[in-house]
Amino acid sequence: MKARFLIIALITAAVTLPGCSAKKTATTAKTTTTTTVVDQSSLVPGEWTIATVNGKTVTGDERPYLTLEQSTGRFYGNNGCNTINGDFALSSGGKIKFSNVIATMRSCPDAPFQHAINVALDQAATYSIADKGHETYMTLKNSHGTALMVIRKHNMDFLNGTWQVTRVGSQTIDPNENPEMRLVIDVAELRVHGNTGCNLLNGSLLIDPDKTNAIQFHDIATTRRGCDKPQLETSFLLALESVDAAKQSGKDHVDLLDEDGQRVITLKRVAESK
């Protein structure tokens, strides 16, 4: 009998033990998500055109703008009617605060955005910046994360420097034959000077805040020296006056386009002499 009970016990154990060993302990892997906050503070300084307020596109001849000077912690600008200025401060986590804002007291019944702009500056708590083509957009939000105002800055700095003219319209310009045919562009100062290949030229730049990659050459003046190739100079000056936009067409190359998007001038960057 003892032997029988022993056999039964062994059989029972044989059946039970595999069942216990078959149970698997579920292990839940904990995934840690790390959110990296990119420091965008270096992109803040500069002149910004106010693009939208409370989701509405800002229009008008006197375009509201803000100029932020991070080195001094000061800002100044225009709300579409009055000149404004004050202090601003950045802190970690994309925080921003405008304070001590003062404005002139001009009355402007036809400036529909000035009050909304003032309120947005008062309520702004955070900011985020994104690049779109040659433009940078900063969104100012309140403490609840609601977008208050979007301001826009043109990134046309790729035009800065000295450029050899290599094409005017469909005509290729040989730098060996026309080494002096150049433009020197200063976007920050909105100025241009250079040489038509015969005469010195200078003028001003205009950047339209409503157009992407916009650049125009205005008030072009030249010296009056007689030229061996007057037709080429005339073609160049007419092409320069027709420029409406600029885009990079390769490393150290820029195409200047007319309002129809047609290339009218091609430039090649002149390497700086060391």
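**Exercise 1. Aromatic pairs**

How many aromatic pairs does a search of the whole structure find? Describe one of them and place its rings in the chain.

*Solution.* The structure is a predicted model. Searching the whole structure gives 2 aromatic pairs. One of them consists of Phe75 and Phe98, with 5.3 Å from centre to centre and 85 degrees between the planes. Planes over 60 degrees apart count as edge-to-face, and the pair of Phe75 and Phe98 is accordingly edge-to-face.

Phe75 belongs to strand S4 (residues 74–78) and Phe98 to strand S6 (residues 95–103). The two residues are 23 residues apart, and their pair links distant parts of the chain.

The last step concerns burial, for which the cut-off is under 20% relative accessible area. Phe75 is buried because its relative accessibility is 1%. Phe98, with a relative accessible area of 5%, is likewise buried. Together with Phe88, Phe75 and Phe98 form one aromatic cluster.

**Exercise 2. The disulfide of Cys81**

Which cysteine does a disulfide join to Cys81? Determine the handedness of the link and the parts that the pair ties together.

*Solution.* The partner is Cys108, at an S to S distance of 1.9 Å. The angle about the S-S bond is 75 degrees, and the link of Cys81 and Cys108 is right-handed. Cys81 lies in the loop between S4 and strand S5 (83–91), whereas Cys108 lies in the loop between S6 and helix H2 (114–123); the pair therefore ties together parts 27 residues apart in sequence. Cys81 counts as buried at 3% relative accessibility, and Cys108 is buried with a relative accessible area of 9%.

**Exercise 3. The disulfide of Cys198**

Is the disulfide of Cys198 and Cys227 left-handed or right-handed? State also where its cysteines lie.

*Solution.* The sulfur atoms of Cys198 and Cys227 are 2.0 Å apart. The torsion about their S-S bond is about -95 degrees, so this disulfide is left-handed. Cys198 is found in the loop between strand S13 (191–195) and strand S14 (200–206), and Cys227 in the loop between strand S15 (216–222) and helix H3 (230–242), so the pair ties together parts that are 29 residues apart in sequence. Cys198 is buried, its relative accessible area being 11%.

The structure holds 2 disulfides. With bonded cysteines counted along the chain, their pattern is 1-2, 3-4.

**Exercise 4. The chain as a whole**

How many helices and strands does the chain have?

*Solution.* The chain has 3 helices and 18 strands. Of its 274 residues, 38% are buried.

Technical notes. Residues are numbered from 1 along each chain as its sequence is written. This is a predicted model: local features need pLDDT of at least 70, side-chain atom pairs count only at pLDDT 80 or more; totals for chains, interfaces and linings use all residues. Side-chain values use heavy atoms; hydrogens and water are left out. Rings of Phe, Tyr and Trp (its six-membered ring) pair if their centres lie within 6.5 Å; planes under 30 degrees apart count as stacked, over 60 as edge-to-face and the rest as tilted. Helices (H or I, at least four residues) and strands (E, at least two) are DSSP runs, numbered from the N terminus. Buried means under 20% relative accessible area, exposed over 50%, partly exposed in between (1.4 Å probe, protein chains only). A disulfide is a pair of cysteine sulfur atoms within 2.5 Å.
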